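Dear colleague,

I am handing over the structure we spoke about, and you will find it just below.

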Amino acid sequence: MDVFFINYKSMKAFIDLASSYQKHQKEMEESIQKVLLSGEYIGGSMVQSLEKELSSYTQSPYVVTCGSGTDALMLALKAFGLKPGDQVIVPDFSFIAPAETVRFLGGEPIFCDIDEYFLIDTHSLESWIGPKTKGIIAVNLFGQCADYEALSLIAEKHGLWMIEDAAQSFGAQQRNIYSCNLASISITSFYPTKTLSIYGDGGAVFCKSKFHADFIRAMANHGSTERYKHKYIGINSRLDSLQAAILQVKLQYFQEELLLRKSKVEHYNQFFKDYDFITAPAIKEYNTSSYAQYTLRVSSRDQFIKVLEKAEIPYQIYYPIALSHQACFSDLLQNPENKNTLQACQEVLSLPLCAYTNVEAITEKLKKALA
Ligand SMILES: Cc1ncc(COP(=O)(O)O)c(C=O)c1O
């Protein structure tokens, strides 16, 4: 069997992760030193103060950091009491983690189609709700949030809980509310390529209720509420103090980097206006984006890829296969044939985007290659 490793070479060309570190190197190293000398390597004051800052940024009242965005989803599902056989509606076009965690805990993901903005389709969603449906995981893809006003109405009508997967949308807003505060439990990821990122794995759960936050904090720490007293069967999923120290520095410059990302997106959008086989990403009027990815729709993608490769412009396909068509879900015997999802899988293509991407150089090369 082939074993898949992360291809750092291609990722490095796609997204320049080191430049943010170089820009704030002195502060980061001071912050790291502080942790190394403190003797507090897991949890402790650095993590506590970070959680307060995340709460103040997002306005979410309770924040619990943890080991990854995937763990955050798992913890949120446990907080909602997911049981084997329970059904949870997830978008068919997404990173796998929402569907994967539901299945990992014995639940059944039900794959809903997306709309033209790559977000869970609130019009067809209700048709998937049945007697076993317990909740919805809405994914905020490529930086913008699903429609939580419409989703909340559906969830309330059918007595469902809802999780906001904000792994790709930290910093975005919807109707003036920050992402990570749009559902009773929200989650995010600090994976290195995310908008707010660290140099390793990490994540956080954002809760509107103290009850959920206390439960999640205990679950992430071996189900323990007091030292060596274990109330639940839990896991070990905690953020390292070193990563918390890095995140605190990054959070100070986050807004500045978000604006830089926005200016890169505007440059790309302007450029692609002249090419009618390409559709630039659109943002709904009540959303702002965190610009996690710059994802185009390209009607003749294979041909465009040849142009990019010839011009040595890096690209990624997020995501090439509908989740419902993944081998790991074949036992579910669901063949939803979600039209918009299948079309997106054929058309999407993401170009390099971070606060320090040289988009002018990319579009210049592309202009020549397309001439
Ligand atoms: C939408 C979405 N949800 C969840 C995750 C999982 O986050 P992590 O990689 O930190 O486990 C990701 C990561 O890419 C994601 O994109």
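This is a predicted model: local features need pLDDT of at least 70, side-chain atom pairs count only at pLDDT 80 or more; totals for chains, interfaces and linings use all residues.

I begin with helix α9, residues 241-252, which packs against helix α3, residues 25-38, at an angle of about 150°, the two axes being 9 Å apart. Because angles over 145 degrees count as roughly antiparallel, α3 is described as roughly antiparallel to α9. The crossing of these two helices, α3 and α9, is right-handed. On the α3 side the contact is made by Glu27, Met28, Ser31, Ile32, Val35 and Leu36, and these meet Ser241, Leu242, Ala245, Ile246, Val249, Lys250 and Gln252 of α9. Sorted by class, the residues of this contact between α3 and α9 comprise 8 nonpolar, 3 polar and 2 charged.

Helix α9 also has a contact with α4, and here the axes come within 9 Å and cross at roughly 35°, in a crossing that is left-handed. From α4 the residues involved are Met46, Val47, Ser49, Leu50, Glu53 and Leu54, while α9 contributes Ser241, Ala244, Ala245, Leu247, Gln248 and Leu251. The contact of α4 with α9 is made up of 8 nonpolar, 3 polar and 1 charged residues.

Helix α4, which spans 44-58, turns up again in the second largest pocket, where α4, β1 (62-66) and α8 (210-219) each supply at least two residues of the lining. The space in this second largest pocket comes to about 370 Å³, and of the 17 residues that line it, Gly43, Glu51, Arg217, Asn221 and Arg238 are the closest to its centre. With 4 residues, α4 gives the most to the lining of this pocket, and the lining as a whole divides into 6 nonpolar, 7 polar and 4 charged residues.

The largest cavity is lined by 20 residues, and nearest its centre lie Ser20, Thr195, Ser197, Lys250 and Glu257. The lining of the largest cavity has 10 nonpolar, 5 polar and 5 charged residues, and helix α10, residues 254-272, gives the most to it, with 4 residues.

The crossing of α10 and α13 is right-handed, and in it Lys264, His267, Tyr268, Phe271 and Phe272 of α10 meet Val359, Glu360, Ile362, Thr363, Leu366 and Lys367 of α13. By class, this contact of α10 with α13 has 6 nonpolar, 2 polar and 3 charged residues.

Finally, there are two backbone details in loops. The peptide bond from tyrosine 318 to tyrosine 319 is cis, with omega near 10°, and tyrosine 319 is placed in the loop between α11 (301-310) and α12 (339-347). Phenylalanine 118, although it is not a glycine, has a positive phi of about 70°, and phenylalanine 118 is found in the loop between β3 (108-112) and β4 (133-139).

With best wishes

Technical notes:
Residues are numbered from 1 along each chain as its sequence is written. Side-chain values use heavy atoms; hydrogens and water are left out. Axes are lines fitted to C-alpha atoms, for helices over the stretch in contact, and angles run from 0 to 180 degrees between N-to-C directions. Angles under 35 degrees count as roughly parallel, over 145 as roughly antiparallel, 65 to 115 as roughly perpendicular and the rest as oblique. A crossing is left-handed if the near helix is turned anticlockwise from the far one by less than a right angle, and right-handed if clockwise. Contact means heavy atoms within 4.5 Å. Ala, Val, Leu, Ile, Met, Phe, Trp, Tyr, Cys and Pro count as nonpolar, Asp, Glu, Lys and Arg as charged, and the others, Gly among them, as polar. On a 1 Å grid over the protein atoms alone, a cavity is a set of points where a 1.4 Å probe fits but cannot get out, and a pocket is an open set with protein on both sides within 12 Å along at least five of seven lines; lining residues have an atom within 4 Å of a point. Grid points are joined across faces, edges and corners, and a volume is the space filled by probe spheres set on the points.
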